[in-house]
Amino acid sequence: MSLLNNAIESIQVGVEDYLMGDSKRYLSAVRNICAGILLLYKDKLCRLSPPHDKEVLIKKDIRPIDDGKGNVTFIGTGKKTVDVYEIRERFNSLKVTVDWKKFDQLNQLRNNIEHYYTDKSPDAVREVIVTSFLLIRDFISEYLEEEPCNVLGEECWQALLKTKDVYQAEEEDCRQTFLVYGFDSQILDRILANIRCPFCHSTLIKAKDGSDIFPSLSCCSCSAYLDFKDVLEEEEISYRDPESEGIFASCNHCETRNSVVKLGDKWICFSCHSIYGEVGHCEYCYSFIAGNSEDTFFSGCLMCEGQMGHYMNSSAYNHDD
Ligand SMILES: [Zn+2]
Ligand SMILES: [Zn+2]
Ligand SMILES: [Zn+2]
């Protein structure tokens with residue numbers, strides 16, 4: 001079993017202990033979570049180790065050898081692996097940043113527990129456990145480059161998400177993924193306030209590159225992969241009127257088809273980021289377009305040239321040439 005699997009298992013057991021809500025189980029929670037976090041750190045050290053020895057960085061003793069081609073290289077020796085102090089040293093020189101103050105709190109508590117001594121009240125212990133949840137989330141997403149919702153398992157991840165710090169960190173991450181698309185903060189607020197996972201109703205939605213104008217999405221709470229249409233659907237029902245035929249309107253400004261969606265009380269083009277207060281049907285060709293549809297019967301829309309175009313192109317008009 002890989003280090004990461006062991007780490008996750010240990011954290012899951014620890015979180016289960018924590019969820020029992022029994023102060024006697026808190027001590028076991030601290031032990032398991034602390035061990036799990038250390039395994040996460042060791043997994044990172046393995047990932048950073050060079051290909052010739054993927055465990056060199058977790059070995060306490062590192063020895064230089066000649067690789068037979070005249071180069072000096074390093075291998076790990078012995079059975080002993082790095083302790084907290086050495087992990088910290090190696091992370092420092094490899095620029096892996098961890099909030100050691102938070103970790104030390106947890107580790108200190110674990111040491112005290114191992115020696116059958118703690119002066120902390122159950123509430124204080126619980127607080128230290130909850131603080132460690134953010135350490136876990138941050139490290140998995142930043143340094144192991146995994147989605148916490150995918151690796152931690154549902155029960156464990158939902159327990160972490162219930163804490164304010166973890167929730168806020170995820171929320172900020174979601175925001176960052178949309179920022180890549182160049183939305184200004186006002187539009188971004190509108191997007192994030194109006195999309196929701198259809199499966200678990202979470203608003204924690206991350207954007208990923210899509211082949212389309214719309215980014216492809218994933219839910220950070222239940223791991224579902226989503227289409228832009230999915231996250232709007234709930235609202236669609238409430239604003240669908242007999243005349244509207246689709247949830248995507250075409251944009252008069254950048255002339256992109258089906259790029260405008262309703263978010264809150266406004267319509268936003270995902271291609272040019274224009275905001276519209278209204279949408280309607282072209283009175284001539286009946287296309288669903290964003291913006292004012294007044295006079296479209298005569299002047300047309302991006303999809304047609306209206307009555308005027310029809311007249312200009314007609315043989316009657318060309319007769320005088
Ligand atoms: Zn979901
Ligand atoms: Zn547009
Ligand atoms: Zn038209």
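Trainee: Which exposed residues lie on the face of α7 turned away from its buried side, and what makes a residue count as exposed or buried?

Mentor: The face of α7 turned away from its buried side carries the exposed residues Glu-154 and Glu-155. A residue is called exposed if 12 or fewer other C-beta atoms, placed from the backbone, lie within 10 Å of its own, buried if there are 20 or more, and partly exposed in between. This is a predicted model, in which local features need pLDDT of at least 70 and side-chain atom pairs count only at pLDDT 80 or more, while totals for chains, interfaces and linings use all residues. Residues are numbered from 1 along each chain as its sequence is written, while chains are lettered from A and ligands numbered from 1 in the order in which they are written.

Trainee: How do you know that the buried residues of α7 line one face of the helix?

Mentor: The buried residues of helix α7, which covers residues 154–161, are Cys-156, Trp-157, Leu-160 and Leu-161. Seen down the axis of α7, these residues fall within an arc of 135 degrees, so they line one face of the helix; the arc is that of the directions from the helix axis to the C-beta atoms. An α-helix has 3.6 residues a turn, so residues three or four places apart point the same way.

Trainee: Which helices do the buried residues of α7 pack against, and what makes a run of residues a helix or a strand?

Mentor: They pack against α1 (3–19), α5 (122–142), α6 (148–151) and α8 (164–179). Helices are DSSP runs of H or I with at least four residues and strands are runs of E with at least two, numbered from the N terminus; the protein chain comes to 13 helices and eleven strands.

Trainee: What makes a set of residues a nonpolar core, and how many residues has the largest one?

Mentor: A nonpolar core is a set of buried Ala, Val, Leu, Ile, Met, Phe, Trp, Tyr and Cys residues joined through C-beta atoms within 7 Å. The largest has 69 residues, and those with the most contacts inside it are Ile-37 and Val-260. Helix α2 (residues 23–48) gives the most to this core, with eleven residues. Once its neighbours within four places in sequence are left aside, the contacts of Val-260 include Phe-248, Trp-267, Tyr-276 and Ala-290, a contact being a pair of residues whose C-beta atoms, placed from the backbone, lie within 7 Å.

Trainee: Why is one side of β6 and of β9 left without a neighbour in the sheet?

Mentor: The open sheet has four strands in the order β6-β7-β8-β9, with antiparallel pairing. β6 (248–249) and β9 (275–276) stand at its edges, each with a single partner strand, so one side of each has no neighbour in the sheet. Two strands are said to pair if DSSP finds at least two bridges between them, and two bridges join β8 (residues 266–269) to β9. Trp-267 stands opposite Tyr-276 in β9.

Trainee: Why is Gly-78 called exposed, and where is Gly-78 found?

Mentor: Gly-78 has 10 other C-beta atoms within 10 Å, so it counts as exposed, and it is found in strand β2 (residues 72–81). Strand β1 (residues 59–66) and β2 pair in the antiparallel sense over seven bridges, and in β2 the bridge partner of Ile-62 is Gly-76. Gly-78 and Ile-62 are 16 residues apart in sequence and 8.8 Å apart in space, C-alpha to C-alpha.

Key:
Contact = placed C-beta atoms within 7 Å.
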